[in-house]
Structures are given as C-alpha cells and as structure tokens.
Amino acid sequence: MTRNLPGPCRAGVLAGGLALWLAACAGGGGSPGLPQVPAPAEPLPAVDTSPVAVGDTASALPAGWQLGPFMQIYVRAYQDSDGDGIGDLRGLTQRLDYLKDLGVSGLWLMPVTQSQDNNHGYAVSHYRAIESQYGTLADFDELLRQAHARGIGVVIDYVINHSGTRHPAFVNSRTGATNAFRDWYLWQPVRPAGWNIYGADPWRPDASGFYFGPFSADMPDFNLTNGAVVNWHHDNLRFWLNRGVDGFRFDAVGHLVENGASAWDNQPQNYPIMGAVRSVVQGYSNRFMVCEAPGDPLGFTAPTACGHAFAFGLQANLLRAARGDEAALRTSGYHFNTQPHSLATFLSNHDSFAGQRPWDQLGGNAAQLKLAASLVLLLPGVPFVYYGEEIGMGAGAGLTGDSSLRVPMSWTADPVRAGFTTGSPFRALAANVQSQNVAAQQADPQSLWSHYRALIQLRRARPSLGLGTFEIANVSGPVLTFRRRAGAEQTLVAINTGDATRVQVAHLTPGQQFRSLFPNTAMAATAGADGVLTLDLPARSTLVLAP
C-alpha cells in the first residue's frame with residue numbers, strides 16, 4: 001500500500017530555526033544542486049535485494065569500548081592519500097595512530113556508502129558499496145582491521161529514512177504504479193493537499209505522479225510501513241556487520257513514518273521500527289548504535305527503540321556554561337539527575353542547525369574551549385568529538401552553512417594544503433589553520449589538544465567516569481561539582497567557569513583524603529570532620545580528584 005504523507009524534523013527545540021534545520025537535517029544539507037533524474041530507458045537497473053544471513057557475530061574489540069569517547073569523522077575532509085584533494089579511507093587508516101594516541105575508543109564515519117551527490121553522502125545510491133572517491137570495499141576492510149588492531153571501533157552512518165533518486169529501487173519505482181518497487185517509496189497520483197513542511201510542499205512532481213521528498217527532491221522517503229523495505233534494510237545492516245562493522249549511527253529516525261499533513265514527526269511507528277533494527281544489531285556481540293532524533297532524544301534512548309540518542313539541546317547549554325552563564329551551567333549540571341546516561345553528548349557536529357564549531361561560538365577563547373571540553377568529557381553520557389574540535393578548528397575561510405563545518409582537517413600550518421593533501425583541497429581550509437593545527441597543538445603541553453588528550457585518557461582509565469553514577473551534583477555560582485562512582489571507585493569533579501573562588505563539597509566521608517588526577521600535580525585535600533571538603537579553584541579551571 002502507499003502512504004499519503006511526509007517526514008522531516010522538529011526544529012522548535014533547536015537554536016538556528018527552521019531554515020537551518022531543513023538545510024541540514026538528515027545528515028545536513030540535501031543536494032539542491034543536483035538535477036532531477038529523468039525517467040530511465042529500458043532495461044531498468046537491477047535492485048540488490050539478496051538476503052543476508054547472520055555471519056560471524058564475534059567482536060574484535062574489548063568490552064566497554066562503546067563508552068567512548070567517539071570521534072566523528074567526515075572522511076572526505078580527514079586525510080587524502082592519493083593527492084586528488086579528497087579525503088579517503090586509506091588516508092583515514094594512515095591517521096589511526098593519531099586517533100589512538102588521542103585516546104578515542106570509536107569512530108563515527110559520516111556516510112561512506114555510494115551516493116549520488118559525492119559530497120555529504122546522505123543521498124545514497126547503493127547501500128552495499130563504498131563511495132568510489134573514498135576507495136574500495138578492500139580499503140574499508142583494511143581500515144576495520146587496522147582500527148581493531150588499535151582497539152578502536154568503527155561505526156558507520158546508515159540512512160534508513162530515504163535514498164537518493166538514483167538508487168535503483170527509486171529508478172524502478174518512478175516508471176509507474178505497476179512496478180514492483182513502486183510501494184518502496186511514497187507515491188500519489190495527485191498532489192496531496194494541505195502539506196507544508198518548513199515553508200515548502202514536500203510532494204515532488206514526476207512523470208508518473210508525486211513522490212514524497214521533504215528534505216530534498218533528490219532524497220525520496222522510503223515507505224517504511226512496507227515490510228519488504230524494512231527487511232531489506234535489515235539485510236543491508238547484516239552485510240556491514242558481517243564485514244566487522246562495530247555499529248551504526250542512524251540518520252533522521254524521527255521521520256520514518258508519516259500519518260498526515262500535521263502528523264509527520266516522531267510518530268508512534270518510528271520507535272518499534274528502530275527497536276527491530278536494534279535487535280538486528282544486538283544479534284552481534286559488543287556492537288553499538290546511536291540515533292539522530294532532535295525532536296525526541298529521550299524517547300529514542302528507550303531499549304525498545306535505539307537505546308542511545310544524541311542529546312540535542314544540551315550542546316548549546318554546555319557552550320553557554322563554558323562562557324560563564326550560570327543558568328546554563330545549572331541546567332547542564334543537573335541534566336543527568338533525571339536524564340539517562342545513554343544519551344550521546346557533543347558540542348557540535350556536521351550540521352549547522354546544531355551550532356557552529358566551538359571555536360567560533362566561543363570566539364577562540366582558549367580557557368572557555370577547555371571548559372567546554374571538560375563538561376562534555378566528564379559529565380555522564382557517551383561523548384562524541386567532531387573532528388578538529390580537539391585542536392580548536394574554526395569554520396572554513398569564506399564559507400557559510402554546512403560547508404563551513406566540513407573543511408579539511410588542519411594537520412599543519414600550511415595555508416594551502418594543511419597537511420591534508422599533496423594536491424588542491426576539495427574545499428577551503430579552516431580560517432584559523434595557521435594557529436590551530438595538530439602540529440602546533442601537539443608541541444604545546446598547555447594546548448587545547450593536550451587538554452582533550454589528558455581528559456580522554458583519564459575518562460577511559462576510570463570506570464567511574466565512563467559508566468559511573470552521578471551523585472552530589474551541585475552548582476554554586478560559576479562552579480559545578482559532582483561525584484561519579486562505579487563500585488569502590490569514585491571520582492570527584494569541580495569545574496569553575498568563573499573567576500578564582502573557593503568551593504565546598506559536602507556529604508563526603510569525614511577525614512577522607514583526596515589526590516589530584518587532573519591537573520597532574522601533587523595537590524592533596526582532606527574532608528573535615530563534618531564531611532565537607534574545601535577547595536580553592538583557579539579561574540576557569542577543571543579539577544578531578546580521587547580518594
């Protein structure tokens with residue numbers, strides 16, 4: 001059957017407004033420059049619907065790798081290995097030692113499957129093939145092998161809501177109502193009335209009717225009430241899991257099913273669809289999945305849905321808190337008193353609706369950038385770091401929108417190539433490449449990169465920071481204090497977003513002694529007979545203590 005409805009995202013909870021969300025949702029960006037694909041000539045392309053059975057379910061990774069931190073990587077912008085100016089899988093493989101040294105436990109790769117846009121990758125044209133500009137399946141297998149050898153998991157983006165118009169299934173479907181793949185997408189013979197999503201009609205005219213493509217005319221929505229489509233997605237997931245992929249980030253899960261012109265966001269059917277997907281992923285050991293659902297992050301953290309979802313909305317509070325906004329600090333500090341620790345935390349990502357890079361939001365203030373890193377890495381949740389965030393990469397020179405967030409990684413101060421390529425980069429470099437680059441940051445023990453590295457490694461070394469409880473949280477003026485505990489291990493954290501001050505932490509064991517884990521000093525402190533610990537905190541500083 002054919003559904004008569006749509007699906008983008010609830011932007012009301014997000015800073016940036018509807019236009020930014022429409023421009024960036026579903027992986028950010030659509031592909032408005034692509035022409036409409038004409039109706040194909042015979043013969044029609046074959047659609048790979050071959051079933052995929054469960055293969056080897058073992059994992060090459062240690063238990064707990066899913067706790068993060070993860071690095072979100074745009075492969076096109078990370079490292080070019082062959083001089084064509086485009087990042088690729090071999091280039092990423094060459095940088096795995098850097099990622100291991102930084103301490104991340106997993107990678108989220110933005111789409112690496114074959115796409116028709118050859119850019120952001122969310123207009124998928126083949127779900128079981130690698131984007132040719134990135135390399136081959138053999139290159140991908142080698143990346144997995146090398147990452148696993150370093151204890152790093154690889155999670156790939158999976159676009160379940162829609163495909164590109166050049167996907168063989170859609171090419172077939174657009175030939176008419178009698179085609180076997182017609183019901184894989186949302187078609188109507190007459191344009192449905194009353195639809196308006198972010199100021200535009202999502203029903204796209206075509207020679208054989210109107211199809212539903214709310215994000216872009218080049219990205220038609222699947223009909224996910226069709227069991228054949230859902231089962232096909234499950235087979236695609238097993239294809240990658242059988243190759244050794246460690247999990248998936250699922251795009252736009254709030255928009256899978258639509259029930260009418262005023263009921264197209266976070267519909268009840270979406271949650272069990274993702275619950276069934278989770279069952280597929282859980283059929284393999286030690287795997288991980290996380291979902292993008294800006295309109296309902298909490299709903300999708302349910303075990304009957306995704307289990308993990310990104311904490312949209314929190315990122316803006318974390319950055320405001322780093323600027324010294326005490327109300328935002330209070331909101332951030334108490335967030336995990338009531339919210340699940342299965343939320344995935346972040347400061348920024350590849351979509352402009354989620355905010356600009358921290359460097360630009362904080363005006364390049366080094367102390368505030370460190371505070372933002374402390375908040376996202378020491379609070380509960382599964383933290384994700386957007387590539388270049390650890391060195392303070394800024395927006396691309398002369399660029400706006402999503403493109404400004406997806407520029408070549410700044411490995412060196414070279415203002416032409418930045419150590420990213422030996423050729424001409426596919427896009428302008430970060431505007432601050434000469435000051436904020438890996439080579440300069442690694443040479444400075446006080447750099448932002450050194451701060452990230454120390455806290456990432458501390459988090460991974462202490463179970464209480466990775467999966468521990470969140471206790472005695474308190475916000476006093478510009479200072480947030482909290483304790484995390486796992487078994488007998490406990491860690492006490494104090495983050496001062498203001499000027500130098502004194503703070504007291506209550507409800508500790510009388511006479512309990514604490515030593516400093518961060519910064520790495522010989523500092524010691526002892527709780528008084530009343531169980532109160534008094535700490536003198538420098539301005540805009542982070543202190544991590546252990547008994």
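## Helix H9 and what follows

Let's start at the end of a helix: glycine 324 comes after H9 and has a positive phi, near 100 degrees. Keep in mind that this is a predicted model.

H9 itself spans residues 314-322. Eight of its nine residues are buried, so H9 is largely enclosed by the rest of the structure. The buried ones are Leu314, Gln315, Ala316, Asn317, Leu318, Leu319, Ala321 and Ala322. They pack against helix H10 (326-338), strand S12 (343-346), helix H11 (358-361) and H12.

## How H9 meets H12

One of these partners deserves a further look. The axes of H9 and H12 lie 8 Å apart, at an angle of about 135 degrees. That angle makes H9 oblique to H12, and the crossing is right-handed.

On the H9 side, the contact is made by Leu318, Leu319, Ala321 and Ala322, while H12 brings Gln368, Leu371, Ala372, Leu375 and Val376. Of the residues in this contact, eight are nonpolar, one is polar and none is charged.

In soluble globular proteins, nonpolar side chains tend to be buried together. Here, the largest nonpolar core has 142 residues, and Leu99, Leu109 and Met274 have the most contacts inside it. Helix H12 (residues 366-378) gives this core its largest share, eight residues. Apart from this core lies another, of 14 residues, including Ala494, Phe514, Leu537 and Leu543.

What does leucine 109 touch, leaving aside residues up to four places away in sequence? Its contacts are Ile73, Val75, Leu92, Phe140, Leu143, Val154, Val155, Ile156 and Asp157.

How values were computed
Residues are numbered from 1 along each chain as its sequence is written. This is a predicted model: local features need pLDDT of at least 70, side-chain atom pairs count only at pLDDT 80 or more; totals for chains, interfaces and linings use all residues. Side-chain values use heavy atoms; hydrogens and water are left out. A nonpolar core is a set of buried Ala, Val, Leu, Ile, Met, Phe, Trp, Tyr and Cys residues joined through side-chain atoms within 4.5 Å. Buried means under 20% relative accessible area, exposed over 50%, partly exposed in between (1.4 Å probe, protein chains only). Helices (H or I, at least four residues) and strands (E, at least two) are DSSP runs, numbered from the N terminus. Contact means heavy atoms within 4.5 Å. Axes are lines fitted to C-alpha atoms, for helices over the stretch in contact, and angles run from 0 to 180 degrees between N-to-C directions. Angles under 35 degrees count as roughly parallel, over 145 as roughly antiparallel, 65 to 115 as roughly perpendicular and the rest as oblique. A crossing is left-handed if the near helix is turned anticlockwise from the far one by less than a right angle, and right-handed if clockwise. Ala, Val, Leu, Ile, Met, Phe, Trp, Tyr, Cys and Pro count as nonpolar, Asp, Glu, Lys and Arg as charged, and the others, Gly among them, as polar.
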